[in-house]
Amino acid sequence: MKRLEFKRLFVILVVALFIISDAIGQAKLAGIFGDGMVLQRDIDIPIWGTAVPGSGVNVSISGVQVSTSANDDGNWDLYLPKMKAGGPFEMQVACEGSKEMLIVKDILIGDVWVASGQSNMEWEVWQSMNAEEEMKNANYPDIRLFEVEHNIQINPVDEVAGGSWSKCDSASVHSFSAAAYFFARDLYKKEGVPIGVIQSTWGGTPVETWTSREMLLSSNITHNKVLVNDSITPAHFVKDSVDLIEFWDIVYNPKNNTDNIIPKEKYNDSDWGELTMPSVFKDWGWPFYEGMVWMRKDVDIPKSMTGKDLTINLGHPEMNYTLYFNGHEICKNVWNAEPTHSYTIPENIVHKGNNVISIRIAVLWTGGGINPPASDMYITDGKKQISLAGNWKFKKDLEDKIPSIKGYQQYHSFLFNGMINPIVPYGITGFIWYQGEHNVPDAYNYRYLFPNMINDWRIRWKQGYLPFIFVQLANFMKTDEEPAESNWALLRESQTATLLQPNTGMACIIDIGEAESIHPLNKQEVGRRLAMIAGNMVYGDNNQISGPVYKDYVVDGNNIIIEFTDDSKELNTKDGGKLMGFAIAGIDSKFYWADAEIVGTTVVVSSESVENPVAVRYAWGNNPVCNLVNESGLPALPFRTDSWCASEKTEK
C-alpha cells in the first residue's frame, strides 16, 4: 500500500515538474498585443515580450518567422518584416524547446494611431452629439480599438495595467473616445484600410504628466518640480485611491438620510442662505469648496396647471445632480452633458398652490451651480410658463465632507510612466492629441512644455518625425463685453506656436465650442478636422486643412491691414454677415472692438476710438465672437500682432 502511494506521488511530482518547466518555457507578449489587434503596415513591425532568460523565441506570421533570445532580465524584442494592409492573420509565438505555443488570432495590418490627452479626448461616444444614432451605426469590424487602463506609476513600467483589442461595434464604441472614433471612422471610409486606435487618456491632466522624467529634467520650467515628486511613494497612491472611492460614494449616494428629509415640502429651510439662479460657483464669492450643496425653491402652481403632467427645464446645471419635486425624485443626473435638461413632472405629485423643487448638486473642482441663461429655467404645461430664475435657498455641509484628493495623475511624468511607456515602441502611423485645458494657468509656458512632450515621444518611438496632430482649445465660458486678457487665448497661441515643430498639424475649433460646457458635444467635427489633416500629412490629399492663418500686418494711417498666408485664397464670414472678432489698440495698449472689412485677401481693421493704431487681435478671448473663415468654411486661427499679455512668462 505504501509502495503504491509512493508510486502515485512520484508520478504526480513528475507530471507537475513537467508542466511547470514547460510553462516556464513559454514566451509571453507584452499586454498591448492580443487577439484582434492592428499592426502597422509598411514598416518593420516591433514585437516584444518576456521569456526565460537566455531562451530562444520564435515569432511567425504569414509564413515568415523571426527569432531572437531573451536577455538576462527575461525581456526580448524583434522586428517582423514589412507587410501590406490586409488580414486577418495569425501570429505564433513560442520558446525553443517548449511544446506550448501562443497563438494570436484575427490580426489586421493597417494604420495605427495613438489618441491621447485629457477629458476632451477621453469624452465617450455615448456622451456626444447624436449618441444613440452614432452607436447604432458603429459597425466597422476593420476598425479596432484598444483603451489603455488608467495607471499612475512613479517609475516607468513595461506593461499596460489592462486593456484589450475590440472590433468597433455599438457595444465597444460606447465608452471609447468620441474624437478618436470619429477620426478613425473618417479615415477608414476614405482610405479603406484597417485602422487601429490606441487610446491613452485621463481627464483633468497637464501635459507634464504625459512627459518623461528625463525630458522634464532637461527644462528649466519643470526641472525642480520633478525633483519635488521624489518624496512620493506607492503608499501615497493607496491612500489617494481609498479617498477617491469615498469621494465618489458621497457624490453619487446621499448621506445622513438627506434625500428622504430635505426634499419634503414641510422641511424647515428658514436658516438657509440664498443664491440667485442661474449662477455658478465662481460667482458665489466662496473660497475653494468641494462638496454637496442642497438647493430649494418654492413655486406657486395655479389651478389651471394642475391635473396634467408638467415639464421642468433646469437649463444648464452642472453634470452631477439629483432633482426632486415635492419630495419625489424626478431624475438623477450622472455626467450627462446634454445641452438641455428637461424632465416630466407627473400630474399626481403636482397640486395647486405652493410646490417645492429641491436639487442636490455636486460642487467639484470650482464648478457647480446652474449656468445661464435664465430663460432656460422654467416649468410649463405647454401653454403657461413659470420662471425658475431668481432666489433659491441653499445649504452646504449637510452631508459628509468630501475627502481631499491629491490627484497623482496630475504629477509630472506619472502617466507617461504608466500609460505611455508600456506602449512604446508599438508600430504606429502617428498621434492625435486633445489637451491643454489643465495647462491654462501656465498658458505661455505651454509653447515649451508641449513641444518637449512631442519630441520626447518621437525620440522614444524611433520612427522619425511621426505625424502629431492636435486640437486647439475651443471657445468656452462667458463672452467678454469688452476686449480683455485671456489665458485661454494665450494657450491657443502657444498651441499655434507648436506648429513650428516639424510634421505637426492643428485642428482649430474656435467655432464649435460651448459657453456652458468645457466639453463641446460636437466631437464628429473634431474627428473630421483631425482626419482631414491626417489626409494631407499621411495619405497624399491636397485639401485645405486650416482656416486663414495670420502672416503679417501693415499700418496704413488709421487702419491696420492684416495679411494671411497664401493657403487661404478667399476670405469670407461664416454666416455671410458683418465681420466680427477684431480688436485694435494704440500705443496705450488699450483695445477697442474694431470695424473690420475683407478686402481681397486681406482684412482692414480700424476704430474711431483709435487714431494711431499699433496692434490688432482676433478671436482673443475665452469665448470670442468671431466669424472669419476661408472658402472651405474653416475658421481663422486666433492671433495677435502684439506681445503685451501681462500673464506671459519668459522661462525657457
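How many bridges join S12 to strand S24, and do they run parallel or antiparallel?

Modeller: Five bridges join S12 to strand S24, residues 390-396, and the two run antiparallel. Keep in mind that this is a predicted model.

S12 and S24 belong to an open sheet of six strands. Its order is S12-S24-S14-S20-S17-S18, and the pairing is antiparallel. Strand S12 (273-277) stands at one edge, and strand S18 (328-333) stands at the other. Each has a single partner strand, so one side of each is left without a neighbour in the sheet. On average, neighbouring strands here are turned by 25° against each other, direction ignored. Strands of a sheet pair through backbone hydrogen bonds, either parallel or antiparallel.

A helix goes with this sheet. Helix H7, residues 234-252, lies across strand S14 (291-301), S18 and strand S20 (353-363). Against S20, H7 runs at about 165°.

Next, look at another sheet, with four strands. This one is open too, in the order S19-S15-S22-S23, and the pairing is antiparallel. Its edge strands are S19 (342-345) and S23 (385-387), and each pairs on one side only. Neighbouring strands of this sheet are turned by 20° against each other on average, direction ignored. Take S22, residues 377-380: three bridges join S22 to S23, and the two run antiparallel. In that pairing, Tyr 378 stands opposite Ser 387 in S23.

Strand S11 covers residues 195-201, and seven of its seven residues are buried. In a regular strand the side chains alternate between the two faces of the sheet. S11 can be read that way: Ile 195, Val 197, Gln 199 and Thr 201 point one way. Gly 196, Ile 198 and Ser 200 point the other way, and all of these residues are buried. S11 pairs with strand S8 (residues 102-117) in the parallel sense over seven bridges. There, Trp 113 has Val 197 in S11 as its bridge partner. S11 also runs parallel to strand S9 (residues 140-147), joined by five bridges. In this second pairing, the bridge partner of Phe 146 is Ile 198.

Strand S3, residues 45-50, is mostly covered as well, with five of its six residues buried. Two bridges join S3 to strand S1 (residues 28-29), and these strands run antiparallel. Lys 28 has Thr 50 in S3 as its bridge partner. Six bridges join S3 to strand S6 (residues 75-80), again antiparallel. Thr 50 turns up here too, opposite Asn 75 in S6.

What about the interior? In soluble globular proteins, nonpolar side chains tend to be buried together. The largest nonpolar core here has 98 residues. Trp 76, Met 91, Tyr 426 and Phe 582 touch the most other members. Helix H10 (residues 446-461) gives the most to this core, with seven residues. Another core, of 38 residues, lies apart from it and includes Tyr 140, Ala 184, Ile 512 and Tyr 539.

Val 440 sits in the loop between strand S25 (430-434) and H10. Its relative accessible area is 9%, so Val 440 counts as buried. Setting aside neighbours within four places in sequence, Val 440 is in contact with Leu 473, Asn 487, Trp 488 and Leu 491. Glu 318 is 122 residues from Val 440 along the chain, and their C-alpha atoms are separated by 21 Å.

Finally, the whole chain. The protein chain has 12 helices and 37 strands. Its C-alpha trace spans about 95 × 75 × 50 Å along its principal axes. Of its 652 residues, 53% are buried. Among contacts between residues at least 6 apart in sequence, 76% join residues at least 24 apart. The accessible surface comes to about 28,900 Å², and 51% of that belongs to carbon and sulfur atoms.

Residues 9-24 have pLDDT below 50. Beyond near neighbours in sequence, that stretch has five contacts in the model.

Notes:
Residues numbered from 1 in each chain as written. Predicted model: local features only at pLDDT ≥ 70, side-chain atom pairs only at ≥ 80, totals over all residues. Heavy atoms only, no water. Pairing = 2+ DSSP bridges. Axes fitted to C-alpha atoms, helices over the stretch in contact; angles between N-to-C directions. Contact = heavy atoms within 4.5 Å. Core = buried A, V, L, I, M, F, W, Y, C linked by side-chain atoms within 4.5 Å. Buried < 20%, exposed > 50% of the residue type's maximum accessible area, 1.4 Å probe, protein only. pLDDT = per-residue confidence, 0-100. Areas by Shrake-Rupley, 256 points an atom, 1.4 Å probe, with all protein chains shown as cover.
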